[in-house]
Each structure stands twice: as C-alpha cells, then as structure tokens.
Amino acid sequence: MTDHTDSADRPGDDAGLAAADSLRLIREQQDRARAALEPDARALYGVWGVAWLAGYLVLWSSVQGREQPEAWAFWVFAGAIAAAVVFTMVHSMTRTAGTRGVSARTGAMYGWSWMLGFLTFSMFLGGLARAGADSELMGLASNGGACLVVGLLYLGGAVAFGERSLFVLGTWILLVGAVATLVGLPLTYLVMALAGGGGFLVMAGVEHLRVVRRRRAGEEAGRG
Amino acid sequence: MADALDPVIHAPARLRVVATLAALDAGDELSFPKLQKLLDMTAGNLSTHLRKLEDAGYVRVTKTHEGRTPATYLALTQHGRRAFEDYQEALTGLLRGAGS
C-alpha cells in the first residue's frame, strides 16, 4: 500500500479530495470497529421480540377453551426462550471478546446481573409453589415477575451504558408485566405476545432507523 | 498549510489502526488478535505499524499473560488521541479550503 505523502504537495482541489477520502476512511473504519465491538441491539431486540411474540401466541392459542395451555405449548415456549438466551449470550460474548478495561468490566457485571436475577427469581417461584400457590397464581407470578426482572435489568443497563433506548424499553416491559398480571390469565399471554413481543420488535425497528440515519449523516458530513 | 498533516498517522494503513483504536473508550484496550481481525491485516504488517505508532508515543502496548498464554493489549495514549484529533482537524481544514 503506497503512502499518500505526495497529496501534501498538490494544491487546491486535489488536497481537498484526498482529505475527503481520508475522512471517509476514518469514518468507515470507526463505524466498522464500533459495530464489531458492541452487541447489535437490532439483533438482540429482534430475537427477543420474535421469541415472545411466537412463544406467547402459542400459549395463547393453546389455552383457548381450556384451563391452562397444554404441555407441548409450554415446551415450545421454553424452547423459544432458550434459543433467545443462547443467541444473546453467544452474540454478546463474541462481540465483546478481545477487549479489556472499564467497558469490559461493566459488561461482565451486567451479564452476571442477568444470571443472578433469574437464578434468584426461579428460587422465589419455587418458594411460592412450595407455599401452595395454584397454577393460576404461578402463571401470573412467573410472567409478571419475569417482566419485573427484565424491566429493571434494562433500566440498570440504560444507566450503565448510557442508552436511552434501553430505558424506554425497560419502562415498557415493566408496564407490560403489570398490565399482563392485572388482566389475569389467559389474557396475560396475549398481552405478553403483542405488547411485550411487539414492543421488542418496535425497538428493533427504531434502532435500525437510528443506524441508517447515523450512517447517512456521516456520509453527508464527509462530502463537506 | 497542507504540511500540517502528521506523517506518523497519514499513511492509510496506520490511519486505519489509529481510527480503530480511537473508537474505543479511554479506559479500554483491544487485544492484538481482535485488532488484527478488525483491520484485516497480517500480524507482521500490524506489528510494524504498531511499533511506529508506539515509538511516536501514540499507542500503548501492554504485554501480559492470561493463564499461561501471553497476550498483548493495545490502546491509544492521551498523546495519540490528541494527535488524531489534530489530524482530523487538519483534514477538515483542507476540505473547507478546497471549496474556495
């Protein structure tokens, strides 16, 4: 690769063109670097949106005319959630691998928070079951409670990473959980599917627009 | 004046190295293999460029061990960040000057 050392000798427009090239090179390289070092919010929101929408719609359709969804519906739902968890972990860890320092420590603590949150939440649900909670109560507690855990973790993440979109999503999920519990089973499943899953998908779309808009603004700025 | 462009940064390959490291937050470092992958360069090529940048005081090279494997982490120094900002300002100046 040859050095552009001669661009400094050429006057006027040539120097301007070379400068524009260099600025574009910088911007493209930085966009590529940032994209490769952070998890892609669009992918994560999209995966969870699909998992909630599909999983909860399966539970909703299976509960029609029955007291509870059938066992197979619960398995499909669990499979969707498990797939989303695996994707989130693999994607996040691959993107953030090879970095060290403040961001890496913040990210690691955030990951541990999720694990601790759901581990203790499942113990909490176990305690309720042992105390004699019936299936309706367990259904309400597990879905509403999960929204509480997810919503609060998103709010924490918004604080940790300075991400306003996470704050909006976290607030929304908290509301979804509250409403889903208040309306009672089986409507809970429909609320989770449409408002919860739908909310994730809307955020995925919003994030995509932000990326597109940022890219376009960068291109225009580079044209000087 | 077009001669204000920093010759250490001004080579296209080194510019990409500096731009990539500048995308990190001030408190973070990048491992050599990750940086190499981001830049799509050979290890030898990247090492040469990093040595030049380190000699100029723009890049901090930290050699450490992870378990028993040696690992090298890279980051821009304060001096390097400032030099990159000055370089970008010089480029923007050239761009504006070309219009007139």
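What follows is a set of questions and answers on the labels used for this predicted model.

Guide: The secondary structure of chain B comes to five helices and three strands, and from the N terminus on the elements run α-α-β-α-α-β-β-α. Along its principal axes the C-alpha trace of chain B spans about 60 × 25 × 20 Å. Of the 100 residues in chain B, buried residues make up 50%.

Visitor: What makes β1 and β3 of chain B a pair?

Guide: The cut-off is again at least two bridges. Strand β1(B), residues 28–31, and strand β3(B), residues 69–76, have two bridges and run in the antiparallel sense, so they count as paired. In β3(B), B:Leu74 is the bridge partner of B:Leu30, and B:Tyr73 is the bridge partner of B:Ser31.

Visitor: Which strand of chain A pairs with β1(B), and over how many bridges?

Guide: Strand β1 of chain A, residues 99–101, is joined to β1(B) by three bridges, and the two run antiparallel. A:Arg100 stands opposite B:Glu29 in β1(B).

Visitor: Which way do the residues of β1(B) point?

Guide: B:Asp28 and B:Leu30 point one way, B:Glu29 and B:Ser31 point the other way, and all are buried. In a regular strand the side chains alternate between the two faces of the sheet.

Visitor: Why is the contact of A:Arg24 and A:Asp21 called a salt bridge?

Guide: The rule asks for a side-chain nitrogen of Lys or Arg within 4 Å of a carboxyl oxygen of Asp or Glu. For A:Arg24 and A:Asp21 the closest N and O atoms are 2.7 Å apart, so the pair meets the rule. Both residues lie in helix α1 of chain A, three residues apart, about one turn of the helix. A:Arg24 counts as partly exposed at 37% relative accessibility, and A:Asp21 counts as partly exposed at 42%.

Visitor: What makes A:Arg66 and A:Glu70 a salt bridge?

Guide: Their closest N and O atoms are 3.5 Å apart, and the limit is within 4 Å, so the label applies. Salt bridges that share partners also join A:Arg100, B:Glu29 and B:Arg60 into one network. A further salt bridge is made by the side chains of A:Arg42 and A:Asp40, at 3.1 Å from N to O. Over all chains the count comes to six salt bridges.

Visitor: Why is A:Asp31 called partly exposed?

Guide: Buried means under 20% and exposed means over 50%, with partly exposed in between. A:Asp31 has a relative accessible area of 35%, so it is partly exposed. A:Asp31 lies in helix α1 of chain A. A:Asp31 also gathers with A:Glu28, A:Glu219 and A:Glu220 in a patch of negative charge on the surface. Helices α1 (12–37) and α7 (187–222) of chain A each supply at least two residues of that patch.

Visitor: Why is B:Asp40 called exposed?

Guide: The relative accessible area of B:Asp40 is 71%, and exposed means over 50%, so the label holds. B:Asp40 is found in the loop between α3 (32–39) and α4 (43–55) of chain B. B:Asp40 has a positive phi of about 55° although it is not a glycine. Most residues other than glycine have a negative phi, and most peptide bonds are trans.

Visitor: Where is there a cis peptide bond?

Guide: The bond from A:Leu185 to A:Pro186 is cis, with omega near 0°. A:Pro186 lies in the loop between α6 (164–183) and α7 of chain A.

Notes
Residues are numbered from 1 along each chain as its sequence is written. Chains are lettered from A and ligands numbered from 1 in the order in which they are written. This is a predicted model: local features need pLDDT of at least 70, side-chain atom pairs count only at pLDDT 80 or more; totals for chains, interfaces and linings use all residues. Side-chain values use heavy atoms; hydrogens and water are left out. Helices (H or I, at least four residues) and strands (E, at least two) are DSSP runs, numbered from the N terminus. Patches are made of residues with over 30% relative accessible area and no salt bridge: like charges are joined within 9 Å, nonpolar side chains (Val, Leu, Ile, Met, Phe, Trp, Tyr) within 5 Å. Accessible areas come from the Shrake-Rupley method with a 1.4 Å probe; for residues, only the protein chains shown count as cover. Lys and Arg count as positive and Asp and Glu as negative; His and the chain ends are not counted. The place of a charge is taken as NZ of Lys, CZ of Arg, CG of Asp or CD of Glu. Buried means under 20% relative accessible area, exposed over 50%, partly exposed in between (1.4 Å probe, protein chains only).
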